[in-house]
Amino acid sequence: MIKYQSQNQLNIEEFDTPFQQKLNSANRWIKLSRIIPWDELSAIYHKAMSSDMGRTAIEARRIIGALILKHKLVLSDEETVLQIQENAYMQYFLGYTSYEAEPVFSPTLFVEIRDRKSVV
């Protein structure tokens, strides 16, 4: 099942952190988030999914963004999830509206994505 929310970028001032500090708009992840065509990439990602069967999917932007982070920083599956969990800028990049202290998803999701990619 597909759960999709338009990925029009949240204003940086609207991103809520538990530290009562605002994110810096000059940060590399903030800048990169503004130039990636999230809606187009999400549409491509959703082509391989059912819109009415199965459990609700994780937002496409979170998956696509995590893959970008993983490959850009040359991280393992586990380290990618930890880095995202610890970094508000990365969470903003993934489309979160506020900081989440819990892991964003299980590292095994990357294995499922690789398996799915090899089938498609």
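Q: In what order do the elements of the protein run from the N terminus on?
A: In this predicted model, the elements run α-α-α-α-α-α from the N terminus on, and the protein holds six helices and zero strands. Helices here are DSSP runs of H or I with at least four residues, strands are runs of E with at least two, and both are numbered from the N terminus.

Q: OK, at what angle do α3 and α4 pack?
A: Helix α3 (residues 60-73) and helix α4 (residues 77-86) pack at about 110 degrees, and their axes are 10 Å apart. Axes are lines fitted to C-alpha atoms, for helices over the stretch in contact, and angles run from 0 to 180 degrees between N-to-C directions. The two helices α3 and α4 are therefore roughly perpendicular to each other, a label for angles of 65 to 115 degrees.

Q: And which residues in α3 and α4 meet there?
A: On the α3 side A66, L69 and K70 meet D77, T80 and I84 of α4. By class, this contact of α3 with α4 has three nonpolar, one polar and two charged residues; Ala, Val, Leu, Ile, Met, Phe, Trp, Tyr, Cys and Pro count as nonpolar, Asp, Glu, Lys and Arg as charged, and the others, Gly among them, as polar. Contact means heavy atoms within 4.5 Å.

Q: New topic: how many aromatic pairs does the structure hold?
A: It holds three aromatic pairs, where rings of Phe, Tyr and Trp (its six-membered ring) pair if their centres lie within 6.5 Å, and planes over 60 degrees apart count as edge-to-face. One of them is the edge-to-face pair of W38 and F93, at 5.2 Å centre to centre with 75 degrees between the planes.

Q: Where in the chain do W38 and F93 sit?
A: W38 is in helix α2 (residues 38-46) and F93 is in helix α5 (residues 88-93), so the pair links distant parts of the chain, 55 residues apart.

Q: Is W38 buried or exposed?
A: W38 counts as buried, because its relative accessibility is 4%, and buried means under 20% relative accessible area (1.4 Å probe, protein chains only). F93 counts as buried too, at 0%.

How values were computed. Residues are numbered from 1 along each chain as its sequence is written. This is a predicted model: local features need pLDDT of at least 70, side-chain atom pairs count only at pLDDT 80 or more; totals for chains, interfaces and linings use all residues. Side-chain values use heavy atoms; hydrogens and water are left out. Angles under 35 degrees count as roughly parallel, over 145 as roughly antiparallel, 65 to 115 as roughly perpendicular and the rest as oblique. Rings of Phe, Tyr and Trp (its six-membered ring) pair if their centres lie within 6.5 Å; planes under 30 degrees apart count as stacked, over 60 as edge-to-face and the rest as tilted. Buried means under 20% relative accessible area, exposed over 50%, partly exposed in between (1.4 Å probe, protein chains only).
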